[in-house]
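Please open the structure in your viewer and keep a selection tool at hand.

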Amino acid sequence: MENRTYTTIYRIMHWAIAICMILLLLTIFLRLTWMNKNNVSAIIQNFLATTDLTLSEDQSILLAKQIRKPMWDWHIYLGYVLVGLYSIRLVLPFFGKMKFSNPFNKELSFKTKFQYALYLFFYTCVAISLITGLIIEFGPKNLKTPMEEIHVLSIYYLVAFIILHIGGVLYAEFTTSKGIISKIVSGNK
C-alpha cells in the first residue's frame with residue numbers, strides 16, 4: 001500500500017466536504033422523519049383537537065411545511081456551500097494540489113484501481129446531485145419535477161459511499177495502513 005501524506009489543504013477540503021455532506025444528510029433525515037409534513041400536521045391537528053380551533057388537513061399540511069421551512073433552508077444553504085467546495089476541489093489539481101487519481105493506470109493493483117474508480121463514481125454522483133439541485137432552485141419550472149426525482153436518489157449513493165468509505169478506512173487502519181486516520185486528522189502518523 002502506498003504511504004500517503006495528506007497536506008493541510010487536502011485535510012481541510014476532505015473534512016469540509018465530509019461535514020457538509022453529513023449535515024445535508026441530517027436535513028434529509030429530519031425531513032423524512034420528525035419534520036415530515038404529515039407528522040407535523042398530525043401534531044398540529046392533535047393540538048387543535050384540544051382547543052376550539054380548527055384547520056382543514058390541507059391547511060395543517062401547509063402550516064407544517066412553513067414550520068419545517070427554516071430547517072429545509074439549511075439543506076439549500078449547505079448545497080450552495082457544497083457547490084463551492086466541489087468547485088474548489090475540481091480546480092485544485094490545476095494548481096498542483098489534491099490530484100485526481102487515475103483508476104485506469106495499468107501499474108496499480110486491482111484494489112487501488114477499485115478505490116480510485118469508486119472515488120471517480122462518487123465525484124460523478126456528487127456532480128449530478130449538485131447540478132440537479134441547482135436546476136431545482138434556478139432552472140425552468142418544467143424541469144423541477146424530473147430533477148427532484150433524480151436529486152432524491154442522491155441519498156442512496158451518499159449513504160452507501162459513507163458506509164464504504166468509513167468501512168474501508170477502518171479496515172485499512174487495522175490492517176495495511178495503520179495511522180491513516182491520524183494522518184487525515186492531523187497530518188501526522
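A residue is called buried when its relative accessible area is under 20%, exposed when that area is over 50%, and partly exposed in between, with a 1.4 Å probe and protein chains only. Helices (H or I, at least four residues) are DSSP runs, numbered from the N terminus. The model is predicted: local features need pLDDT of at least 70, side-chain atom pairs count only at pLDDT 80 or more, and totals for chains, interfaces and linings use all residues. Residues are numbered from 1 along each chain as its sequence is written, and side-chain values use heavy atoms, leaving out hydrogens and water.

**Helix 2**

Select residues 37-48, which form helix 2. Which residues of helix 2 are buried? They are Val40, Ser41, Ile44 and Leu48. These residues lie on the same side of helix 2, because they cover an arc of only 100° around its axis; the arc is that of the directions from the helix axis to the C-beta atoms. An α-helix has 3.6 residues a turn, so residues three or four places apart point the same way. The buried residues of helix 2 pack against helix 3, whereas Ile43 and Asn46, on the other side, are exposed.

**Helix 3**

Next, select residues 57-91, helix 3, and find proline 70 within it. Proline 70 is partly exposed, at a relative accessible area of 46%. From C-alpha to C-alpha, proline 70 and aspartate 58 are 20 Å apart in space, and they are twelve residues apart in sequence.

**Helices 5 and 6**

Now display helix 5 (residues 144-152) together with helix 6 (residues 154-174): their axes come within 5 Å and cross at roughly 20°. Axes are lines fitted to C-alpha atoms, for helices over the stretch in contact, and angles run from 0 to 180 degrees between N-to-C directions. The two helices are therefore roughly parallel to each other, a term for angles under 35 degrees. Ile150, His151 and Val152 of helix 5 make the contact with Ser154, Ile155 and Tyr156 of helix 6, where contact means heavy atoms within 4.5 Å.

Conventions:
Parallel < 35°, antiparallel > 145°, perpendicular 65-115°, else oblique. Expected span 1.5 Å × (residues − 1).
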